[in-house]
Amino acid sequence: MSKIWGITVVGILFSTTLFAQPEKTKNYRRFDDRWIHFGFMLGANMANFKAIPATDAYSSYGVKSLETKRQPGGQVGIVTTLKLGHPIVRLRFIPTLSFQERAIQYYYANPNPAQTNDIMQEERVNSTNLDFPLMLQFRTLRINNFAAYVLVGGQYSYDLQSQEDASQNFIDPFVKIKAHDFQGQVGGGLEWFAPYFKFGFEVKFSQSFRSSFIQDNTPVSLPIDRLYNKVLWFSLIFEG
């Protein structure tokens, strides 16, 4: 979360510097006159879990620590932006297809007393999501061909790759997560106006409101109490 606010502050400082520049010829002057705009989005993401271990993870299952590791992914979406009566307040909806991966690392005490290093076991969880984020966008007024904005909103996600209802393989068990998820989002971005379209760079952070973890009493799930989805999104947005 601190990274998002840091990026937003840098963007505001950067925009303040640009706003001090002399007036230049504006591209795409009529952009803010239209009440609705369409475009597309391409981007990358870093997905992770916020993991809460079971209180008896060590005493009952020998797990000394439970760590998560973010993994890279990507996304593509269709952009719809609606002006809400004022150029600086907009409603943004971007149905998105995203590909995500998260890693869970279990650290067990080494049964060999001569070895001091722990034994690590890793489980990976892959998702192919249909994401439906609905965001309020608060944008600065244009100065020359530049603007900055912040975002706040929420998102519903459906995991097409979820194994929520799949039969568990107790020989080689896997971590199950729920197919449906609801997340809060915050972020910010920068926009540049070209002669016939607007280009933007956006950074967002999202996290689940509730745990997406399914406890099915396998060796990989028993040490876990809760898992919350976390995603850092980087997007390039083109609107016309």
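Among contacts in the protein chain (heavy atoms within 4.5 Å) between residues at least 6 apart in sequence, 73% join residues at least 24 apart. The model is predicted: local features need pLDDT of at least 70, side-chain atom pairs count only at pLDDT 80 or more, and totals for chains, interfaces and linings use all residues. Residues are numbered from 1 along each chain as its sequence is written, and side-chain values use heavy atoms, with hydrogens and water left out.

The chain contains two helices and eleven strands, taken as DSSP runs numbered from the N terminus (helices H or I, at least four residues; strands E, at least two). Their order along the sequence is α-β-α-β-β-β-β-β-β-β-β-β-β.

Overall values for the protein chain are tabulated below.

| Property | Value |
|---|---|
| Span of the C-alpha trace along its principal axes | about 75 × 35 × 25 Å |
| Share of the 240 residues that count as buried | 44% |
| Accessible surface | about 12300 Å² |
| Part of that surface belonging to carbon and sulfur atoms | 62% |

Buried means under 20% relative accessible area, exposed over 50%, and partly exposed in between (1.4 Å probe, protein chains only). Accessible areas come from the Shrake-Rupley method with a 1.4 Å probe; for residues, only the protein chains shown count as cover.

On the surface, Phe93, Leu130, Phe132, Leu134, Tyr158 and Leu160 form a nonpolar patch with about 490 Å² of accessible area together. Patch residues have over 30% relative accessible area and no salt bridge, and nonpolar side chains (Val, Leu, Ile, Met, Phe, Trp, Tyr) are joined within 5 Å; a salt bridge is a side-chain nitrogen of Lys or Arg within 4 Å of a carboxyl oxygen of Asp or Glu. Strand S5 (residues 119-139) gives the most to this patch, with three residues. Leu134 lies in strand S5 and is partly exposed, with a relative accessible area of 43%.

Conventions: Patch = residues over 30% accessible without salt bridge, like charges linked within 9 Å, V, L, I, M, F, W, Y side chains within 5 Å.
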